Structure formats: C-alpha cells, structure tokens
Amino acid sequence: MSTEPEYREGLDELAAHYKEVLTLLGEDPEREGLLKTPMRVAKAMQVLTQGYSMDAHEVLRSALFKENYSQMVIVKDIDFFSLCEHHMLPFYGKAHVAYIPNGYITGLSKIARVVDIYAHRLQVQERMTLQIKECIEQTLHPLGVMVVVEARHMCMQMRGVEKQNSVTTTSDFSGAFNQAKTRQEFMNLIHNS
C-alpha cells in the first residue's frame, strides 16, 4: 500500500522553478545532493498547500447530526502547521475551537479537519482564525463559535527580530461568546489540563 499522496497538476513545472531558484541562490542543481531536491520541494509545497483543493464546509456537512445538545463543545489542542504568506516560512501551534450547537452537531474529527484545511494554505494567523470561525458558523449555524490560535512563527525566529520564544495568540468569536462570562468559561477550559 502506497502512502504517496495524489499531487495536483503543475508538479513538473513547479519542480523546474525550484531548480531555477537553486541556481539563482548560487547552487548547482546538478550536484548529487540536489538532483532530486526540486521535485522533493515541489511535492512538499503541494502537500503543504493542499487546503486550496478542499472544501471545509463540505467536511462539516459530511458528518452533520441532529442533536438537542446546547452546551459548549470544545476541541482543544489541535496541532497545526502552516506557511506564512509573507515569507513562506512555517508557523505552527495549537488551535482551540468551541461551538454551542443549535440543533446540529458535527463529528469531532471534522473540527480538526477544518483547522487543517485552512492551515494548508499560504496564510496569516489572523485570517486563518477568522476562516475557521466563519466556516463553523456558516455550516452549523450554532448559537456561538469561538476560536483561539496560539502559534510560533519561524519568520520571527529565523530572520528579522529573531525572537525565539514569542508566541502569537489570535481569537475570534460570535453569538453566545459575545458574553464575557461565556468567553471566560471557554478560556478557563482550554487552559486547564
């Protein structure tokens, strides 16, 4: 059984561009260690950006269940990796997602899949946080949604200000989470081990 993912159209052209990038950086793309690098990078970039070819709304709809539960549902500590659209360097961390159902729930793994879909695009953390919230809001029509994303950005660690321990936190919320008490309950639950 092969674990090789399906690659999108344009893989060979992408590899040819990476070969040119190596040359522009002063490398010899024909030397032994770099011979397969352009194709490896092209494949990696297609995997890291596979979210463009996925529909997060459809993922949630694929596991939609009628349920009269109306308390907070939290999926926390969802690991993710993404690429900063400004430098195409990784940022990574954890997403915490909560919603309050309004007649329908979705499979818990689908929440993590939504995070992965938006993370597997060239991103900024702020937009990714908003996209996750909006997807859940528009698909499930819950009483409220809240998303908190905590991430480390390699563009801040490897270049520029070179701050190794900085963490960026973003949040977005709607509906019942507009109430400070509900937001605080969510924050208490995600930060208690």
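Here is a friendly note on the structure above, point by point.

1. **What kind of model this is.** This is a predicted model, in which local features need pLDDT of at least 70 and side-chain atom pairs count only at pLDDT 80 or more, while totals for chains, interfaces and linings use all residues. Residues are numbered from 1 along each chain as its sequence is written, and side-chain values use heavy atoms, with hydrogens and water left out.

2. **Overall layout.** The protein chain has seven helices and seven strands; helices (H or I, at least four residues) and strands (E, at least two) are DSSP runs, numbered from the N terminus. Read from the N terminus, the order of elements is α-α-α-β-β-β-β-α-β-α-β-α-β-α. The C-alpha trace spans about 60 × 40 × 25 Å along its principal axes. Of the 193 residues in the protein chain, 41% are buried. Here buried means under 20% relative accessible area, exposed means over 50%, and partly exposed is in between (1.4 Å probe, protein chains only). Among contacts (heavy atoms within 4.5 Å) with a separation of 6 or more, 71% are between residues 24 or more positions apart.

3. **Strand E3 and its partners.** Eight of its eleven residues are buried, so E3 is largely enclosed by the rest of the structure. Strands count as paired if DSSP finds at least two bridges between them. E2 and E3 pair in the antiparallel sense over nine bridges, with Val75 opposite Val97 in E3. The hairpin of E2 and E3 has five residues between the strands, and Met88 there takes a positive phi near 55°. E3 also runs antiparallel to E6, to which ten bridges join it; Lys94 stands opposite Glu150 in E6.

4. **The largest nonpolar core.** In soluble globular proteins, nonpolar side chains tend to be buried together. A nonpolar core is a set of buried Ala, Val, Leu, Ile, Met, Phe, Trp, Tyr and Cys residues joined through side-chain atoms within 4.5 Å. The largest one here has 30 residues, and those with the most contacts inside it are Phe80, Val97, Ile111, Met128, Ile132 and Ile136. Two or more residues each come from H3, strand E2 (73–84), strand E3 (90–100), H4, H5, strand E6 (144–153) and helix H6 (154–157). H4 gives the largest share of this core, six residues. Another core, of nine residues, lies apart from the largest one and includes Met72, Ile100, Ala176 and Ile190.

5. **Helix H4.** Helix H4 (residues 108–119) has twelve residues and reaches 18 Å from its first C-alpha to its last, close to the 16 Å expected at 1.5 Å a residue. The expected span is 1.5 Å times one less than the number of residues. Buried residues in H4 are Lys110, Ile111, Val114, Val115, Ile117, Tyr118 and Ala119.

6. **Thr182.** Where does Thr182 sit? Thr182 is found in helix H7 (residues 180–191) and is buried, with a relative accessible area of 13%. A polar atom of its side chain lies 3.4 Å from the backbone oxygen of Ala176. Not counting residues up to four places away in sequence, Thr182 touches Met72, Ile100, Ala176 and Phe177.

7. **Salt bridges.** Side chains of opposite charge can pair when their charged atoms come close. With a salt bridge taken as a side-chain nitrogen of Lys or Arg within 4 Å of a carboxyl oxygen of Asp or Glu, the count comes to seven. Glu27 and Arg31 form one of them (3.0 Å, N to O); Glu27 is partly exposed at 33% relative accessible area, and Arg31 is partly exposed at 39%. Arg61 and Glu58 form another (3.4 Å, N to O). These two are three residues apart in helix H3 (residues 56–61), so about one helical turn separates Arg61 and Glu58.

8. **A buried charged pair.** Asp172 forms a salt bridge with Lys133, the closest N and O atoms being 3.7 Å apart. Asp172 lies in strand E7 (residues 168–175) and Lys133 in helix H5 (residues 125–140), so the pair ties together parts that are 39 residues apart in sequence. Both Asp172 and Lys133 are buried. A network of salt bridges links Lys133, Glu137 and Asp172.

Terms used
A polar contact is a pair of N or O atoms within 3.5 Å; within protein, one must be able to donate a hydrogen and the other to accept it, and residues adjacent in sequence count only if both atoms are side-chain atoms.
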